[in-house]
Amino acid sequence: MSDKLIQIETPFVFNGENQREFDALIGRYPVKEAAMLPTLHLAQRQVGYITPAVMKYVAEQLEVSVMKVKDVVTFYPMFFEEPVGEYVIRVCHTLPCALRDCKGVLDHLKAKLDTDVASETNLAKGTTPDGKFTLMKVECLASCDVAPVIMVNGDLHKNLTSEKVDEILNDLSEK
Amino acid sequence: MVQERRILYEHLDVPDINTFDVFRQYDGYTRFEKAIAEYQPDDIAKMVMDSGLKGRGGAGFSTGLKWSFVPRDIKPCYLCCNADESEPGTFSNRYVLEKNPHLLIEGILICCYAMGIETTYVYIRGEFTLGKEMLDAAIKEAYEKGYLGKDIRGTGLNVDIYTHPGAGAYICGEETGLIESLEGKRGQPRNKPPFPAVEGVFGKPTVVQNVETLCNLPFIVGNGVEWYTQMGPTYADTRSDPPTPDPNTGTKLYCISGDVNEPGVYELDLGLTCSELIEVAGGLRGEEVKAVIPGGSSAPILTHYELDTRLDFTSLTLAKSMLGSGGIIVMNETRNIVDCLLNIMKFYAHESCGQCTPCRWGTPWVRDIVQRIADGNGRKSTMTRPKFGVAENGRWGDTGETEEIYEDLDLLESVANNIANVDTMTWNTICVFGIAVSWPAVSYMRKFRPEFEAAIREGELVTLPVAEATVPPEENYAYQQRFVPKEFADL
Amino acid sequence: MAFVKLNDLEIEVEDGTNVVEAARQHGIEVPHYCYHPGLSRPANCRMCLVEPHVFFPPAGAIVPDRQLATGCTTVLRTAPPDRKLDGKYDFIVYTDSPRVKKARADILEFLLVHHPLDCPVCDQAGECDLQDYSHRHGHDKSRYLEVKNVPPKKDLGPDVLLYATRCVVCTRCIRFADEVSGTGELGLIHRGSHDEIDIPRSHEGVPLQVLDNKLAGNVVDICPVGALISKDFLFKSRPWFLEKANSVCSGCSVGCNITVEYKADGLYRIKPRFHEDINQHWMCDDGRLGYHYVNSDDRLQLPLKRVDDELTPTHWADALAVITENLSEVETEDIVVIGSAQGTNEDNYVLQQFAHDVLKTTQLGLFGQLPGEEHKFPQFTIEADKNPNAAGARTILGSANGNVVLEGEALWEKVSEAKVVYLVSGGPERPLEDAEKAALKHVDFLIVQDVLPSEVTQLADVVLPGTTFAEKDGTFTNSTGWVQRIRKTIDPPGEARVDWEITQQLAKQLGGEMNYHFAGEIALAIAENVPEYADATHQKIGDAGIKLADSDQ
C-alpha cells in the first residue's frame with residue numbers, strides 16, 4: 001500500500017510574517033498541540049485552504065501525528081480542504097435570521113452568482129467558475145438583532161435586503 | 001414602563017471607548033486598582049459569592065460557588081474566558097468585544113487577582129474577526145500601559161491574556177468542549193466529574209467564565225455587594241434544606257430578536273416579565289405574540305399564556321424553561337412552529353459533536369422526523385386511544401374521551417426523551433447538548449401540538465391562529481412544574 | 001477493599017475497581033463498547049449506564065441518583081466512616097433497575113439506526129457485541145424510517161479494512177493507536193452523525209499515512225463490532241466453527257499469551273489473551289500473522305534420506321536405521337547434539353537426556369531463529385530474540401552433569417570439527433549464514449529435524465519431520481522467566497511427529513531407556529531434576545504460567 005501514499009511535491013512552510021506570528025503563538029501554551037487552531041488559521045490565511053502539505057507541516061511543528069491535524073480540520077467548519085473563492089460569503093440561516101427572511105437573501109445570492117450552496121465536503125459546488133465567490137450557509141453568526149446577516153470573509157453585513165446584497169456584490173466585483 | 005439600567009453597557013456607545021485613554025476617563029481600571037489596593041484576593045471571592053452573581057453563559061451556576069471549588073494549592077491555575085457566543089438568539093458578548101474590550105480585560109484582571117491566576121485564554125469564536133481584532137488591540141494597549149504583564153502596577157501581580165480563535169463549532173461554547181478545543185483537539189466535551197475547577201485545561205484547575213459574567217466583576221468591586229444585590233429579585237430555593245435564598249441579582253444583557261420592532265441588546269434588572277421586555281424592545285412586530293424563546297434556542301418555548309413569566313434564572317426554571325444565555329426570540333402569529341422547530345433541529349443536528357451515541361445519532365433522527373412532518377409525510381394511525389389529561393376530578397388521568405394517534409409525534413417525543421428526558425431532567429449524553437436538543441423538540445411539540453397535528457393531517461404546513469395553535473396550560477402537562485422525583489414529592 | 005451493594009449482592013472489591021469490572025467479577029454483565037480495560041475511558045458509548053444510589057439529606061434517605069452514571073468511569077472506593085451508606089456500604093449501585101434497562105435499550109436503538117444489519121455477510125457475526133447486547137438488552141424492532149448513512153468501506157493498512165457502516169464510533173481503535181502503539185495513525189473525520197474512523201488522507205482520499213505499525217492487528221481484536229476486519233481472516237470462517245486453544249506465541253521471546261483458533265485443516269487465526277505481566281491485552285502482527293508456515297503445503301511430511309546426493313522420501317524405520325548405523329561407528333567426542341530454541345522445554349529435555357545418557361556426549365548446542373529487530377512502543381515491546389524458548393532450552397540442555405551448551409561462533413567451530421551432528425530446528429524457514437553453512441558442510445553425517453525444507457535441510461543426510469508449536473503440548477520459558485504452556489491444536493501433517501517422540505524413538509533404537517508417554521510426564525521429570533523448574537509441572541503452570549524464582553531480571 002505504501003507506494004500509493006500521497007507524494008507531497010511542494011512542501012509548505014510559513015512565510016516570514018506568519019513564521020513570526022507562529023513563533024509568538026507557540027510560547028503562549030504549555031503544550032504545543034494547543035496552538036492547533038490559531039496555527040491552522042494562519043496557514044489557511046497563507047494558502048487559502050488546508051492542503052496535505054499544510055497538515056504535514058503543522059503536525060511536525062506541533063509534534064503531533066498528521067491524523068490529529070486532519071481530525072481537527074474536518075471537525076471545524078471554518079477550515080477548508082478545497083480551494084475557495086476569493087470572497088467567501090457566509091449566509092446565516094438560523095432561526096432569528098430565518099424569521100427575517102434569510103431565505104430570500106440566499107435565493108437572491110444564488111440567482112445573482114448563478115451558483116449552488118456549498119456543502120462542507122463539497123465546496124466546489126458553491127464556488128463561482130471564475131473563482132471569485134464561494135456561497136455557503138452557516139449557523140448563527142450572533143448578530144440576530146440586525147438579521148438577516150451575511151459575512152463576506154471577515155466583514156459582517158447587516159439588515160440585508162436584495163438591494164443591499166446587490167450593492168455588496170457590486171462593490172466586491174469592482175475590487 | 002420598565003427602564004433600562006445600563007451598567008455593563010453604560011459607556012458602550014461612547015466614541016473610542018475601546019481605547020485605553022477614553023476607557024480610563026470613564027473609571028476604567030479604577031475598580032481593579034481598588035481591588036488590589038483595598039482587598040485581599042479572598043475578600044474579592046467572598047464579595048462575588050455574596051453578590052449572588054450567577055454565570056451568564058447559560059447554566060446560571062453561582063460564580064462564587066464555582067470559584068470556591070478551585071483548589072488554591074495547585075498552580076498554575078487558568079482562566080478561560082468563554083467568548084464563543086454561538087447560541088442562536090444571543091449577541092451581547094459581541095458588542096462588548098467590539099466596542100468595550102477594556103471592560104472585559106478589567107474583569108479578567110479582577111478574577112485573576114482573586115483566584116491567583118496568571119494566564120487567561122479568551123476563546124473567541126472564529127467568526128468574530130472584528131471582536132478579536134479589537135480585543136487584541138486593547139490587550140496590546142493594556143500591556144503597554146502596564147495593566148497586563150509582569151508585576152502589574154508594582155503589586156507583584158502577573159497576568160497574561162491570550163486570545164484563542166475558535167473555528168465554527170457551537171459545542172466549543174460548552175465549558176469542557178472549550179477546554180478540549182483550547183488544547184488543540186476536536187471540541188468534544190469531557191465527562192464530569194472531574195469538573196474544570198479541579199481538572200481543566202492542561203490538567204490544571206481552570207475557571208471558565210462567560211464574557212458577561214466577567215464584565216460584572218468591576219461593578220461588584222467598584223460599587224459594593226450591597227449596591228449589586230439591590231438589583232433583581234430573590235426567591236427562596238425550596239430545593240435545599242432548609243430553604244436558602246436564591247438571589248437573581250444584577251442586570252442581564254437581554255438579547256431580543258425576531259418579531260419585535262427594535263431588536264437589540266437591552267440591559268435590565270433580572271426579573272422583568274416577558275411582555276415587559278417585548279414592550280422595551282419597541283413592541284411586537286405583528287398582531288399577536290405566538291411564542292417566545294426565553295434563553296437561546298435550547299430553551300423550552302413559552303406560549304402567549306406564559307408572557308407574565310419573569311425572565312430570571314429561578315422563575316424560568318420553575319416554568320420548566322431556562323434563562324440560558326438571555327437570547328430572547330419572539331415569534332408573531334404568522335410563524336409556523338413546526339417550521340421553527342425544523343430550523344432549530346437542523347442547527348443542532350449540524351452542531352452535535354458526535355462524541356456520544358444518543359446525541360450523535362439521535363439528534364439527526366429528531367431532525368429527520370420533524371422534516372418529515374414539515375414535508376407533509378408525517379404518519380398518523382387510523383386507530384384511537386383513550387385521551388389522558390385533566391379528568392373530571394381535576395386530576396391527571398383518563399378523561400373518558402378518545403384521541404387520534406399521531407405516530408410521528410409520539411416517536412418525536414420518545415426519541416427526544418431518549419437523548420435527554422425533559423420530564424425527569426436526566427440525560428444519557430455526556431454533556432447538556434442532549435437536553436438542549438430535546439427541550440425545544442418536546443416543548444414545541446407539546447405546547448403547539450395542534451399545529452403539528454395539522455401538518456400531519458393536511459400533508460403540508462398549516463399555520464393556525466394563535467389561540468388554536470396553542471395548548472392551554474391547564475390541558476397539558478408540558479406546563480407542569482419542574483419535575484420532582486417521587487421520593488421528594490412530599491417535601 | 002470497598003464494601004459495595006451491587007444489585008442484591010453484597011460484594012467486596014478492591015479500591016479503584018470500576019463498576020463494569022466489579023460486576024464482571026461477580027458474573028453480572030454491564031454491556032459496554034467504548035470501555036476497554038487496557039485503554040483510557042471516554043465514556044462515549046453510554047452503554048454501561050448504571051444507577052448509583054446516594055444519600056439525599058432533605059429526604060433523609062438513600063435514593064437513586066438523579067442522573068445515571070457510566071459504569072466504566074464510576075470507581076468504587078472505600079468511603080470515610082461518616083459517609084457510609086446505610087452505615088456499612090461504601091457504594092450502592094444497581095445495574096438492573098428499570099431505569100438502567102430502559103437506558104440500555106434506548107442507546108442500543110440509537111446504535112442500530114445507521115447500522116446496515118448485514119450480519120449474514122459480516123465476519124464479526126457470532127462474536128459481535130452489537131449482536132449479543134442487542135439480543136440480551138435491546139428492543140426487538142427499530143422505529144427508524146429515515147435514510148441510513150452509508151459511509152464507504154476503507155482500506156486502512158496492510159491487514160486492516162474498515163467497514164464504516166458497521167462502526168459505532170467507540171474510538172477504541174483510535175485510543176489504541178494513541179496510547180498503546182503511540183503511532184497515532186487513526187482518528188475521526190467529520191462531525192456529528194457523519195463521524196468516521198479514518199487514517200489521514202487528502203481531500204481526494206489518497207492516504208498520507210497508513211495503519212502499518214506492528215501492533216495494528218490489535219485494533220481488529222478490540223473493535224467490538226464488525227467495522228475493523230483483518231484481511232487475513234476475511235471470509236475465511238465463521239467464528240463458531242473454530243476450535244480454540246490457549247497457547248503461547250512462538251514469534252519472539254516475549255511469550256505473548258494467545259488463543260489459537262483452528263479447524264482440522266489448519267490454523268485460522270491467532271488472537272492475544274490477557275496476561276497482566278507479559279502482554280496485557282496485546283500482541284504484535286509478526287506473531288499474529290506468523291502462523292502461516294504451519295499451514296504450508298511445503299511442510300515436511302515424511303523422513304528424507306540422501307540417496308545419490310538427492311534427498312529422497314523414505315519411511316521412519318528406514319530413516320532411523322540409517323541414523324543408528326552412522327551413529328554406532330562414531331566416537332562420542334565427534335558427536336554434537338543441537339537443541340532448538342523453537343522447541344519446548346520437554347523436547348529439549350528429552351534431547352539432552354538422549355545426548356547425555358545414550359550418546360554419552362556432553363557437547364550440546366543451541367540453534368534458533370536469527371535475531372531480528374527490537375521494537376519499542378509506549379506500552380509494548382517486541383523483542384529481538386525471535387525464539388520463544390531460548391532461555392528454557394539453554395537451562396534444560398545444560399541441566400545434566402557436565403553438559404556444555406554452545407552457541408554462536410563457538411558452536412559452529414565445534415560443528416566444523418564434528419563428524420556427526422544431530423540438529424533440531426523448527427519454526428519458520430531459517431536462512432543460514434555463511435559461517436554456519438561452511439561449518440555444517442564439514443560434517444560427515446548431518447541429521448536435521450525440522451518442519452520445512454530450508455537451507456539447513458538441504459545440507460542434511462537425514463531429515464526428520466518434526467512439529468510446530470501448534471501441533472504439540474509443552475512449555476516455553478520467556479525472556480523474563482515465565483514458564484507457560486502451549487497446547488496441541490491440529491495433528492502434524494503426514495507422518496511428522498512430535499520432536500521429543502522422535503528423539504525418544506532414536507534413543508530406544510540405540511538401547512536407551514526412555515519411556516515418556518506425554519509431555520506432562522517429561523515436565524515432571526524436569527521438575528525433579530532441574531532445580532529452577534521444581535514447580536513447573538503442567539498442572540501448576542495452568543493457563544496463567546509461573547515465574548521462575550531465580551530469574552527475576
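## Briefing on chains B and C

Of the 491 residues in chain B, 58% count as buried. The structure is a predicted model.

**Overall form of chain B**

- Chain B contains 17 helices and 16 strands.
- The radius of gyration of chain B is 23 Å, which agrees with the value near 23 Å that a compact globule of 491 residues would have.
- Residues at least 24 apart account for 68% of the contacts in chain B between residues at least 6 apart in sequence.

**Helix 3 and helix 6 of chain B**

- Helix 3 (residues 41-51) of chain B and helix 6 (residues 101-115) of chain B have axes that come within 7 Å and cross at roughly 115 degrees.
- This crossing of helix 3 and helix 6 of chain B is left-handed.
- Helix 3 of chain B contributes B:P41, B:I44 and B:A45 to the contact, while helix 6 of chain B contributes B:I110, B:Y113 and B:A114.
- By class, the residues of this contact comprise 6 nonpolar, no polar and no charged.

**Domains of chain C**

- The domain assignment divides chain C into domain 1 (2-104), domain 2 (120-129 + 143-241) and domain 3 (304-547).
- Between domain 2 and domain 3 of chain C, the C-alpha centres lie 42 Å apart.
- Contact between these domains of chain C involves 6 residues of domain 2 and 6 residues of domain 3.
- On the domain 2 side of that contact in chain C there are 2 nonpolar, 2 polar and 2 charged residues.

Notes:
Residues numbered from 1 in each chain as written. Chains lettered and ligands numbered in written order. Predicted model: local features only at pLDDT ≥ 70, side-chain atom pairs only at ≥ 80, totals over all residues. Helix = DSSP H or I, 4+ residues; strand = E, 2+ residues; numbered from the N terminus. Rg over C-alpha atoms; globule rule 2.2 N^0.38 Å. Buried ≥ 20, exposed ≤ 12 C-beta atoms within 10 Å, placed from the backbone. Contact = placed C-beta atoms within 7 Å. Domains from an automatic or database assignment. Nonpolar A, V, L, I, M, F, W, Y, C, P; charged D, E, K, R; others polar. Axes fitted to C-alpha atoms, helices over the stretch in contact; angles between N-to-C directions. Left-handed = near helix turned anticlockwise from the far one by under 90°.
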